[in-house]
Structure formats: structure tokens, C-alpha cells
Amino acid sequence: ERKALSKLRKAPSRTLDGVEIRLWANAESREDVSQAHALGAAGVGLYRTEFLFLQRGELPSEEEQFLAYRDAVLGMDGRPVTIRTLDLGADKADATGLAIEDEPNPALGLRGIRLCLAHADVFREQLRAILRASAYGPLRILVPMVTHVEELLACHRLLSECAQELAKRKVKINQLPQLGAMIEVPAAALAIDSLLPHADFCSVGTNDLIQYLLAADRGNDALSSIAAPSHPAVLRLLAHIFESCRQAGKPVAVCGEIAADPVFAPILLGLGLTDFSMHPSSLLEVRRAIREADLGALMRDSNRANFGLLPPSQHRQH
Ligand code: PEP
Ligand code: MG
């Protein structure tokens with residue numbers, strides 16, 4: 001079994017009917033990056049930066065962050081690395097004193113980009129570190145917990161200000177990296193058309209999206225059957241996200257846990273997903289599922305099951 005899988009290290013991630021699917025890696029350590037590279041990941045689709053902030057009493061410096069991000073970029077050797085800006089709060093509590101302690105509803109609290117915009121000095125430090133790392137290879141920036149378009153606009157503004165600050169320090173940035181939005185708040189998913197003009201790409205965080213959509217705590221084991229990704233509301237919302245991105249010509253990936261599930265892969269393929277991001281340890285299993293999938297048939301089944309929302313005219317007839 002393991003031997004059969006390891007034969008797929010160099011195999012293309014292509015469906016039976018010949019469609020190329022991109023498998024990206026989620027990473028948060030040097031080991032993850034080197035495994036991703038060795039298994040032929042298309043790039044790093046989600047580089048979680050919280051590890052630099054967790055389990056310590058102080059904030060990491062710009063220099064420390066720069067070295068970590070540069071390591072990831074160099075480790076992927078020319079394949080793109082998607083650095084997610086700090087997503088502290090809720091299940092990712094920190095000891096740096098940044099996130100509010102004892103928030104009554106931390107999952108609905110000041111987390112992700114909300115927390116970063118409330119601590120713009122800390123956020124700028126991270127953005128400068130990311131910008132400096134972008135000189136060493138292809139790098140993209142991904143913003144967590146986007147709810148309002150203004151949050152993306154603030155990120156664009158801060159990013160160009162940081163590039164100017166670096167220019168004053170004689171650190172040259174050729175080009176601002178692409179900026180993407182995580183789609184993990186139901187409002188962002190439903191109103192994705194308002195975000196897409198300001199996002200170069202999207203990545204769907206299904207761990208949080210399912211938690212918020214189904215009102216089921218992602219960390220509560222007693223709810224595992226309730227937090228089901230196969231709920232029709234989840235499938236319809238995913239179909240809406242993928243189709244909106246397709247129409248806008250913006251790349252979209254799924255980087256939540258469901259992208260790592262080979263049993264769920266045919267469903268995501270049928271809904272039109274072409275980019276999956278997962279921990280490298282699942283990459284070969286998902287690649288095998290993709291190589292066994294008939295994409296045309298899956299898409300026809302998916303249409304027949306009507307996972308997409310009904311067009312408005314059909315609603316009116318009822
Ligand atoms: C998600 O929410 O699905 C996700 C990928 O991010 P995290 O698990 O880090 O919240
Ligand atoms: Mg998330």
C-alpha cells in the first residue's frame with residue numbers, strides 16, 4: 001500500500017479524462033516545505049504563520065519572520081509560496097498578549113485580519129518581512145477571516161505603504177505580491193462578487209466556513225457528525241464560490257481539511273474545483289483519488305444533484 005502510493009511521487013495529478021489538477025501543500029515548518037517539494041506539490045497553498053507567535057511570551061521580530069518566510073520560498077525552489085498573514089484568536093490562542101484573553105465568543109471575536117488591523121504596527125512588521133522574502137522567489141499573500149471589502153482595501157494600502165518604507169531603507173521590492181482572500185466567513189462566501197475585484201485569488205477555509213455555516217464548533221468532537229461537509233448548504237455555497245471565481249477569472253483553492261480527504265475529492269472535483277491544498281502527508285492519497293476520477297461524469301452528476309443554487313427565475317415560479 002505504502003509502496004504503491006510512493007510510486008505516485010513523480011506522477012501527474014491528472015484525472016482519467018486528462019484534466020490537470022493542482023495539488024498544493026499546507027505548511028508551517030521547514031519539514032512541511034521540504035516534504036511538499038519532494039512530493040511534487042504545485043506550491044505552498046497555505047503557509048500558516050501562527051507558529052512564530054504561539055507558545056512564547058514575545059512577538060517575533062521582522063528579521064526572524066523574514067528568515068522563516070525566505071526559508072519557505074527558497075525551499076520551494078521556484079514554486080509559489082502562499083503566506084497567510086497572522087490568524088491569531090479563537091482556536092489559535094497566543095501568549096504574546098496580542099489576542100484578547102477571555103473573549104466571551106472567541107470564534108466570533110477579534111481574530112485573523114480583524115486582530116491585525118487593530119494592531120497595525122504588528123501587522124506592518126509582518127508585511128515588511130513578507131515583502132522582503134518576496135525578493136527570493138514567487139510569493140503570494142493570503143488574508144484570513146475576510147468579512148468586509150474594506151479589510152482587503154486596508155491590506156492593499158498597508159502593503160504599498162510597507163513597500164515604500166522598505167524602499168527608504170534601500171530594500172528594493174520589484175513588484176507587490178498578489179493578495180488573496182480566505183473565504184471562510186459565510187458572508188464573504190455569499191457576497192464574494194464584492195470581494196473579487198480586490199482579490200487576485202481566493203482560498204476557501206472550509207474548517208471555519210463549515211463551523212460558521214453549520215453553527216458547529218470545529219474543535220468539539222461531539223459535533224463531528226453535525227459539522228458535515230456534505231450538508232447541502234455547504235455544497236451549494238462551495239458551488240457558488242467556485243462558479244463566482246471562475247466567472248471572474250480568479251484562481252480558487254480549498255485549503256481546509258476536506259481538501260485532504262480522498263473520499264471527498266470526487267465531490268469537490270464535481271463542483272468544479274481544480275486546486276486543492278492540504279498537509280503534505282495527504283498529498284499522494286489525494287493524487288491517487290484524482291487519477292481515478294472521471295471529471296466529466298462527476299460534473300454531470302453534480303449538476304443533476306443540483307448542488308448549485310437555483311437561478312432566480314426558477315425560484316419565482318414556485
Ligand atoms: C480553515 O479555516 O479551513 C483553514 C484552512 O484555516 P485554519 O484551519 O488555520 O483556520
Ligand atoms: Mg480558518
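Let's start with N207, which sits in helix α9, a stretch covering residues 206–213. This is a predicted model, and helix α9 makes a handy way in, since it supplies the largest share of the shell around ligand 1, with 3 residues.

- An unreviewed UniProt entry lists R48, R84, N207, D208 and R218 under "binding site".
- Is N207 buried, exposed or partly exposed? N207 counts as partly exposed because it has 17 other C-beta atoms within 10 Å, while being buried takes 20 or more.
- Setting aside neighbours within four places in sequence, N207 is in contact with R218, G256 and E257.
- D208 also belongs to helix α9. D208 has 24 C-beta neighbours inside 10 Å, so it counts as buried.
- Beyond residues up to four places away in sequence, D208 touches E184 and R218. R218 therefore turns up as a contact of N207 and of D208, given that C-beta atoms within 7 Å count as contacts.
- Helix α9 as a whole is mostly covered, with 6 of its 8 residues buried. Those buried residues are T206, D208, L209, I210, Q211 and L213.
- What do the buried residues of α9 pack against? Their partners are β5, α7 (186–190), β6 (201–204), α10 and β7 (252–254).

**Around ligand 1**

- Ligand 1 is surrounded by L46, R48, D87, E184, G205, T206, N207, D208, C255 and G256.
- Sorted by class, this shell holds 2 nonpolar, 4 polar and 4 charged residues.

**The largest nonpolar core**

- The largest nonpolar core has 93 residues. Those with the most contacts inside it are V44, A72, V146, A181, I183, I241 and F276.
- Which helix gives this core its largest share? That is helix α10 (residues 232–248), with 8 residues.
- F276 has contacts with I21, L23, W24, A253, V254, A259 and V286, leaving out its neighbours within four places in sequence.

- F276 lies in strand β8 (residues 275–278), which is covered on both faces.
- One side of β8 carries D275 and S277, the other F276 and M278, and all of them are buried.
- Strand β1 (residues 22–27) runs parallel to β8, and 4 bridges join them.
- W24 stands opposite S277 in β8, and W24 is also one of the contacts of F276.

**Backbone angles worth a look**

- Most residues other than glycine have a negative phi. A few here go the other way.
- D77 is not a glycine, yet its phi is positive, about 50°. D77 belongs to the loop between α3 (62–76) and β3 (81–84), and it counts as exposed because it has 9 C-beta neighbours inside 10 Å.
- K170, likewise not a glycine, has a positive phi of about 70°. Its place is the loop between α6 (149–168) and β5 (178–183), and with 6 other C-beta atoms within 10 Å, K170 is exposed.
- After helix α9 comes A215, with a positive phi near 50°.

Technical notes: Residues are numbered from 1 along each chain as its sequence is written. Chains are lettered from A and ligands numbered from 1 in the order in which they are written. This is a predicted model: local features need pLDDT of at least 70, side-chain atom pairs count only at pLDDT 80 or more; totals for chains, interfaces and linings use all residues. A nonpolar core is a set of buried Ala, Val, Leu, Ile, Met, Phe, Trp, Tyr and Cys residues joined through C-beta atoms within 7 Å. A residue is buried if 20 or more other C-beta atoms lie within 10 Å of its own, exposed if 12 or fewer, and partly exposed in between; C-beta atoms are placed from the backbone. Helices (H or I, at least four residues) and strands (E, at least two) are DSSP runs, numbered from the N terminus. Two residues are in contact if their C-beta atoms, placed from the backbone, lie within 7 Å. UniProt positions are given in the numbering used here, feature names are shortened, and annotations may be inferred rather than shown by experiment. Two strands pair if DSSP finds at least two bridges between them. A residue is near a molecule or strand if its C-beta atom, placed from the backbone, lies within 6 Å of it. Ala, Val, Leu, Ile, Met, Phe, Trp, Tyr, Cys and Pro count as nonpolar, Asp, Glu, Lys and Arg as charged, and the others, Gly among them, as polar.
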